[in-house]
Amino acid sequence: MRLILAATLLATAAGVRAETPADFLTLFATQAKQENPAFSGFSADQGQRWYASTHGREWSCASCHARNPAARGERADTGKSMAPLAPAANPERFTRLDKVEKWFKRNCNDVLGRPCTAQEKGDVLTYLLTVR
Amino acid sequence: MILPLSRHHATSLGAILVLVASGGVADERIRPLNHPAWQQECGACHVAYPPQLLSAPSWRAIMNGLDQHFGTDARLDPHAHADILRFLVQNAGRGKTPVRGQPPLRITETRWFIHEHSEELPAWIWKRSDVKSPANCTACHTAADRGDYSERTLRLPKGFSKPYHAED
């Protein structure tokens, strides 16, 4: 199962075809089990709180992606407008492995000062998929 | 035959002088460039700033510090990093004087930018809510995201129009 998933995602990275947000949930769940054997699933409520929290630092996800992830956002530093983050409002979100990895890597570092856990990524994606 | 030729030269010289006086020359150094990785990666967070506006040492210093890029993490994968650095260096401005021995990291701190903007515009214009900062080129240069900084596409913010000193 894991091999099939990895092969599918590699094909995505090579630009063969787009992935879906559900595929990323599967990937994050696989990784979360590796990080924590007691992993018991993702929570939209937890994801929503996490999305809005500044985690004791300067920025939250909402600082740039907008408090409502179905709305357009605006970068807190440069003011540049950006398309909505919620897949319901912007079907391009969570369809490319390279982009998802790049932005989680950068943004988790900017917001949290560390990489995000698979649990955090899965929780926030679960929340984003509830936004209509 | 000599006289008409001289007159022709005189006309050409006049045209050049008019062009210099109108300020059109400064815009010509910024020519639209096509490089998809530069457009996509740099342009994701801000206007993909024209490579001509900084020197090669400046671009190398900027690309060496993408993990702390003006307060944010802007790391690139190695392939995109090499590709974009090569493009920036190949199209970099030439003959820039380093400030205090260090290559400038901000276009807004180069003599050229200050000359083109600060001498014509009041300082408060950068603080308006619809401008935010001198880094936000598209606030006035409406086609900056396409590499077009010409006078034709320049729109100063509402309530601020030429002559520049109207509200001084």
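Colleague: Quick one: is B:Asp73 buried or exposed?

Modeller: B:Asp73 is buried, with a relative accessible area of 3%. Here buried means under 20% relative accessible area, exposed means over 50%, and partly exposed lies in between, using a 1.4 Å probe and protein chains only. Keep in mind that this is a predicted model, where local features need pLDDT of at least 70 and side-chain atom pairs count only at pLDDT 80 or more, while totals for chains, interfaces and linings use all residues. Residues are numbered from 1 along each chain as its sequence is written, chains are lettered from A and ligands numbered from 1 in the order written, and side-chain values use heavy atoms, leaving out hydrogens and water.

Colleague: Which residue does B:Asp73 form a salt bridge with?

Modeller: With B:Arg75; the closest N and O atoms are 2.6 Å apart. The rule for a salt bridge is a side-chain nitrogen of Lys or Arg within 4 Å of a carboxyl oxygen of Asp or Glu. B:Arg75 itself is partly exposed, at 31% relative accessible area.

Colleague: OK, on to the interface. What is the area buried between chain B and chain A?

Modeller: About 1300 Å², with carbon and sulfur atoms giving 46% of that. On the chain B side, B:Cys45, B:Asp73 and B:Arg75 lose the most area to chain A, together 41% of what that side buries. Buried area here is the accessible area (1.4 Å probe) that two parts lose on being put together, summed over both.

Colleague: How many residues of chain B are in contact with chain A?

Modeller: 14 of them, touching 14 residues of chain A, where contact means heavy atoms within 4.5 Å.

Colleague: And how many salt bridges across that interface?

Modeller: The rule finds two between chain B and chain A. One pairs A:Lys102 with B:Glu41, with 2.6 Å between the closest N and O atoms. Both A:Lys102 and B:Glu41 are buried. Over all chains the count comes to ten salt bridges.

Colleague: Give me one inside chain A. Which residue does A:Asp98 meet in a salt bridge?

Modeller: A:Arg96, at 2.9 Å from N to O. A:Asp98 is partly exposed, with 32% relative accessible area, and A:Arg96 is partly exposed as well, with 35%.

Colleague: Switching topic: where is B:Ser58?

Modeller: In helix H4 of chain B, residues 56-64. Helices are DSSP runs of H or I of at least four residues, and strands are E runs of at least two, numbered from the N terminus. B:Ser58 is buried, with a relative accessible area of 0%. Not counting residues up to four places away in sequence, B:Ser58 touches B:Pro103, B:Pro104 and B:Leu105.

Colleague: Which other residues of H4(B) are buried?

Modeller: Besides B:Ser58, there are B:Ala56, B:Trp59, B:Ile62 and B:Met63. Seen down the axis of H4(B), the buried residues fall within an arc of 155°, so they line one face of the helix. That arc is taken from the directions from the helix axis to the C-beta atoms.

Colleague: What do they pack against?

Modeller: Helix H5 (78-90) of chain B.

Colleague: Last one: is B:Arg152 buried or exposed?

Modeller: B:Arg152 is exposed, with a relative accessible area of 63%. B:Arg152 is in the segment after helix H6 (111-117) of chain B. The C-alpha atoms of B:Arg152 and B:Thr142, ten residues apart along the chain, are separated by 9.5 Å.
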